[in-house]
Amino acid sequence: MPPNNFPLRWESTGDQWWFASPIDWAAANGHYDIVRELLHLDTNLLIKLTSLRRIRRLETVWDDEEQFDDVAKCRSEVAKKLLLQGETKKGHNSLIRAGYGGWLLYTAASAGDVEFVKQLLERDPLLVFGEGEYGVTDILYAAARSKNSQVFRLLFDSSISLENEVSSTFRLEMMNRAVHAAARGGNVDMLRQILGTCSDVLVYRDAQGSTLLHSASARGQVQVCSILLSC
């Protein structure tokens, strides 16, 4: 069941307060009808609902409390219905054509919703590389957070499905992004699968030069850190 006391505000740093807007609250509790009515009143609210920056701030709240475990699933259900509402008679989807495909896939991955992820990738396989402010690393991280290894594997395999047509450098880059996403998101199973028998985990560094241990420790992933330290 969705939480009945989703916080409308929380303190960030100093005296600054960050607010969860009504549309955030409605989506987090799975109230699609309310989300739809709010969007009818002000279509600009879709920008708030789909903002990666806002979602990241909300995730800091969800991760801290077990009572919010269903929030990602509720948001995914709302996203599904918005996608369905966007279908046109010509076979196009207004939400995807407007550039919200990255948000849809991120939301589906966060919830660990395999069928929704498959549905989106069938529509456009390139969505795995993101769209707008959402990139492939963000989407892989969302999948890692969901702890659903099937979703993570599906997205990772999709990202390297063109391996015969692209350079080995690209494949290595995707592997690098995937292991960092798995480390940050705490997906131990996928981290082990991708690393395999790798004898030197220090070769995996992100754009800032951070190692997997940096990525895991920054997110408080104790189990991942233990595994990496034992390598």
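Predicted model: local features only at pLDDT ≥ 70, side-chain atom pairs only at ≥ 80, totals over all residues.
Where is serine 51 found?

Close-up 1. Serine 51 lies in the loop that runs between helix α3 (45-50) and helix α4 (52-62). Its relative accessibility is 14%, and because buried means under 20%, serine 51 counts as buried. When residues up to four places away in sequence are left aside, serine 51 touches Glu133 and Tyr134.

**Close-up 2. The contact of helix α7 with helix α9.** The axes of α7 (residues 101-111) and α9 (residues 136-146) come within 6 Å and cross at roughly 20°, and the two helices are therefore roughly parallel to each other. From α7, the residues Gly102, Leu105, Tyr106, Ala109, Ser110 and Ala111 take part, and they meet Asp138, Ile139, Tyr141, Ala142, Ala143, Arg145 and Ser146 in α9. Sorted by class, this contact of α7 with α9 has eight nonpolar, three polar and two charged residues.

**Close-up 3. The buried and exposed residues of helix α14.** In α14, which spans residues 222-230, Val224, Cys225, Ile227 and Leu228 are buried. Seen down the axis of α14, these buried residues fall within an arc of 165°, so they line one face of the helix. Val222, Gln223, Leu229 and Ser230, on the other side of α14, are exposed.

**Close-up 4. What covers the buried residues of α14.**

Note on methods: Residues numbered from 1 in each chain as written. Heavy atoms only, no water. Axes fitted to C-alpha atoms, helices over the stretch in contact; angles between N-to-C directions. Helix = DSSP H or I, 4+ residues; strand = E, 2+ residues; numbered from the N terminus. Parallel < 35°, antiparallel > 145°, perpendicular 65-115°, else oblique. Contact = heavy atoms within 4.5 Å. Nonpolar A, V, L, I, M, F, W, Y, C, P; charged D, E, K, R; others polar. Buried < 20%, exposed > 50% of the residue type's maximum accessible area, 1.4 Å probe, protein only. Arc of directions from axis to C-beta.
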